[in-house]
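This report describes the fold of one protein chain, from its overall dimensions to individual residues. Please consult the sequence and the model while reading.

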Amino acid sequence: MAERLNYDEFVMKDLKNVYKGFINDFLRSILVPNSRLYVRVNTLKINVEKILAELNFLERDEDFEEALFVKLKGPNKIEEHETKIIVDKRTAESVIMGADVYRPGIKKVIGNSKYVNVVSENGVIVGEGELVNKGNLIVRVFNPLYSAPKFADLEYVKDGSLILQGKASMYVAHLLDPHPNEKIVDMTAYAGGKLTHIYQLEPRVKLIGFDHTKKKVNELREKVKKMKMNIEIYLADSRYLYEDFGLRDVDKVIIDPPCSALGIRPKVYDRKTKEDIINFHNYQRQFINSAYKILKKNGILIYSTCTVTTWENERVIDDERFEVEDIIRFHPNVHDMTGFFIAKLIKRK
């Protein structure tokens, strides 16, 4: 693990505070993917039974009616080839699950034979494929380390009937528990999984999503339009919604801020330092301050991250202005899911 996970003393101390004697179990668990790959059925567009009848490789989740999954196969045996396609971290971690390789993710090409290995920058072979070199598509992966159906190619995904979303993330909208006519703000709305899930559970809400990147805002607007959802999407820095948009007396807010992503799996490698964690902590606190300003008294804030440090979770929500009503933690080594933190807070006054 040492050659793939490089966390300094500060980070390890925090992780040991969470995992204690099970720290090595946790570290091993984030090197491999979840055993299930989830999709959420957009029940406003299509019936769950129809999806199950047409995509018979999917299974029902035990907890959420709208959640379906497929079990990953692997680790698969990978044949080694002379030609190596060296890719960046993000691409390598996608290829592990069966994604193809596109030009922006390539760091180096060694050799020029037809069949190739896709290799991460730290030397982990994550799959084998065919060198096609057509436009942006460079390698069509036919044997990843772990295999599952390529959901991105399904028409149901393209038309918004199915949404790729991890199960841990689905708890957010359910814990928020939207009701008719409530004004709800998603301060960090991209890529839209939680945002559209809220609307799906209760289409009569007044739902507003924000992101600070123009490209992401445009993509999100197209997504909700395709999904036939009446959601307002705006370009903004959500740390200043009270000042810039005059937002106030909001019923409910969700925040899923940028984080260290220590709960995301699989990892081909990862490096985090005290500086990384403290910078995230300080940034995340700014979103909490913004949420306090725009929420009405007794308004609800759902704070979630895909990381497991106390500095980005418990220490962020430790705020006398809010009462903690509920906390949910998912641990990859215990729950076989993404490491995830969700807290439900009530604004005191």
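## Terms and basis

A residue is called buried when its relative accessible area is under 20%, exposed when that area is over 50%, and partly exposed in between (1.4 Å probe, protein chains only). Helices (H or I, at least four residues) and strands (E, at least two) are DSSP runs, numbered from the N terminus.

The model is predicted: local features need pLDDT of at least 70, side-chain atom pairs count only at pLDDT 80 or more, and totals for chains, interfaces and linings use all residues. Residues are numbered from 1 along each chain as its sequence is written, and side-chain values use heavy atoms, with hydrogens and water left out.

## Overall dimensions and surface

The chain contains 12 helices and 19 strands. Its C-alpha trace spans about 65 × 50 × 40 Å along the principal axes. The radius of gyration, taken over C-alpha atoms, is compared with a globule rule of 2.2 Å times the number of residues to the power 0.38. A compact globule of 349 residues would have a value near 20 Å, and the 21 Å of the chain agrees with this.

Of the 349 residues, 54% are buried. Contact means heavy atoms within 4.5 Å; among contacts with a separation of 6 or more, 73% are between residues 24 or more positions apart.

The chain carries 56 positive and 51 negative side chains, and the centres of the two sets lie 2 Å apart. Lys and Arg count as positive and Asp and Glu as negative, while His and the chain ends are not counted. The place of a charge is NZ of Lys, CZ of Arg, CG of Asp or CD of Glu.

Strand 19 (residues 340-347) is mostly covered, with 8 of its 8 residues buried. In a regular strand the side chains alternate between the two faces of the sheet. Phe340, Ile342, Lys344 and Ile346 point one way from strand 19, whereas Phe341, Ala343, Leu345 and Lys347 point the other way.

Two strands pair if DSSP finds at least two bridges between them. Strand 17 (residues 295-305) runs antiparallel to strand 19 and is joined to it by 6 bridges, with Thr305 opposite Phe341. Strand 18 (residues 322-330) also runs antiparallel to strand 19, through 8 bridges, and Ile328 stands opposite Ile342.

An open sheet of 4 strands has the order 3-4-2-11, with antiparallel pairing. Its edge strands, each pairing on one side only, are strand 3 (59-60) and strand 11 (162-164). Strand 2 (residues 36-41) is joined to strand 11 by 3 bridges, and Val39 stands opposite Leu164.

Ile46 lies in the loop between strand 2 and helix 3 (48-54). Ile46 counts as buried because its relative accessible area is 9%. Beyond residues up to four places away in sequence, Ile46 touches Val41, Ile51, Tyr156 and Ser161. The C-alpha atoms of Ile46 and Ser161 are separated by 6.2 Å, although the two residues are 115 residues apart along the chain.

## An exposed arginine

Arg271 belongs to strand 16 (residues 270-272) and counts as exposed because its relative accessibility is 52%. Leaving aside neighbours within four places in sequence, Arg271 is in contact with Asn6, Tyr7 and Asp276.
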